[in-house]
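Reader: I'm new to looking at proteins. Please take a close look at side-chain pairing for me, then show me what else there is to see.

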Amino acid sequence: MKPTPLLAPTRTTTEPVWVRLLLTAIALAFIGLFIVLPLISVFVEAFRKGFDAYFTAIAEPDAVAAIRLTLLAAAIAVPLNLVFGVAAAWAITKFEFRGKQFLITLIDLPFSVSPVVAGLIYVLVFGAQGWFGPWLQANDIKVVFALPGIVLATIFVTFPFVARELIPLMQSQGTEEEEAALTLGASGLRTFWKVTLPNIKWGLLYGVILCNARAMGEFGAVSVVSGHIRGETNTIPLHVEILYNEYQFAAAFAVASILAFLALVTLTIKSFIEWREERARDWAQRSAVADDSERLRARAAAAAPAAA
């Protein structure tokens, strides 16, 4: 009598071929219609009038100023969010303290607040009629309609990304390795550099990439605090809006293609990080299996003389 396979496919664990094909077709159609097609159209429209018109639009002084401001705001906001995200994730996952849940709620706040509302908050606080507006004017300090306001708005909408990427990762890793390092005499800082950071490096890089992508593409909050001053406070998304409203479609798509290209670069780096992380996880699992097999062989070899 032949044994029944334990993992034999049944109707409760498999789907008909037509169902799988239908679901796959729906997913591919959705991706093609809402992601691939708009992305292709951006580059097609950007080069519709030729390469000369494309590079002229990008080299235009206001476009160069918008690109420079976008990169500068991201260069300031991302490192600050990196420091905050690591510190917040470290505190939440490694320590018990009052207000932990409240801190987690605050980290998630930008996900539930409209970016336009976030920008309006900074206008109400630092604007001419805001809480600190008269004092800032008296001391000739510009926050709103200047670089500081753009950086503050960018930080607000992007600071959850690093922390939210690290918190579940560090929770799954536990605290055993850090406790062992501290028991052996390592300081807290040395424990972080030698134990914690190597374990979270890929998740940290992944969070930084997402944070940077959102920082460069943010529109709502920056639009409120920027003042739309051409050549001074317009980032790339704001400059694209102005060009499009002025019916300079080729120039608008040319500048927009820069953001699209940065999105593709971000996607490529993201996929590479996921591949490296999956590869590292598989290597760790194979190493663990090999170690277990080696222990079993050693035990069997040690027990063989006794059995003889």
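**Charged pairs and their surroundings**

Author: Let's start with Glu45 and Arg48, whose side chains meet in a salt bridge, 2.7 Å from N to O. (A salt bridge is a side-chain nitrogen of Lys or Arg within 4 Å of a carboxyl oxygen of Asp or Glu.) Side chains of opposite charge can pair when their charged atoms come close. Before we go on, keep in mind that this is a predicted model: local features need pLDDT of at least 70 and side-chain atom pairs count only at pLDDT 80 or more, while totals for chains, interfaces and linings use all residues. Residues are numbered from 1 along each chain as its sequence is written, and side-chain values use heavy atoms, leaving out hydrogens and water.

How covered up are the two partners? Glu45 counts as partly exposed because its relative accessibility is 25%, while Arg48, at 56%, counts as exposed. (Buried means under 20% relative accessible area, exposed over 50%, and partly exposed in between, using a 1.4 Å probe and protein chains only.)

The structure holds 6 salt bridges. One of them joins Glu96 to Lys100, with the closest N and O atoms 3.2 Å apart. Glu96 is exposed, at 72%, yet Lys100 is buried, at 16%. Glu218 also has a partner, Arg214, with 2.9 Å between the closest N and O atoms. Here Glu218 is the buried one, at 3%, and Arg214 is partly exposed, at 27%. Then there's a network of salt bridges that links Asp62, Arg230 and Glu246.

Now for the nonpolar side of things. Helix H1 runs over residues 17–46 and includes Leu33. (Helices are DSSP runs of H or I, at least four residues long, numbered from the N terminus.) Leu33 is partly exposed, at 49%, and belongs to a nonpolar surface patch of about 850 Å², along with residues including Phe30, Phe34 and Val44. (Patch members have over 30% relative accessible area and no salt bridge, and nonpolar side chains, meaning Val, Leu, Ile, Met, Phe, Trp or Tyr, are joined within 5 Å; the areas come from the Shrake-Rupley method with a 1.4 Å probe.)

Moving inside, the largest nonpolar core has 22 residues, and Ile107, Leu166, Ile200 and Leu204 have the most contacts inside it. (Such a core is a set of buried Ala, Val, Leu, Ile, Met, Phe, Trp, Tyr and Cys residues joined through side-chain atoms within 4.5 Å.) Helices H3, H4, H8 and H10 each give this core two or more residues. Setting aside residues up to four places away in sequence, Leu166 touches Gly85, Val86, Ala89, Ile200, Gly203 and Leu204, where contact means heavy atoms within 4.5 Å.

Ile273 in helix H13 (residues 249–307) is worth a look too. Ile273 is fully counted as buried, at 0%. In sequence, Ile273 and Leu205 are 68 residues apart, but their C-alpha atoms are 7.9 Å apart in space.

Last stop: the loops. Phe145, between helices H6 and H7, has a positive phi of about 60° although it is not a glycine. Tyr247 sits in the loop between H12 and H13, and its phi is positive too, near 65°. Phe145 is partly exposed, at 45%, whereas Tyr247 is exposed, at 65%.

Technical notes: Patches are made of residues with over 30% relative accessible area and no salt bridge: like charges are joined within 9 Å, nonpolar side chains (Val, Leu, Ile, Met, Phe, Trp, Tyr) within 5 Å.
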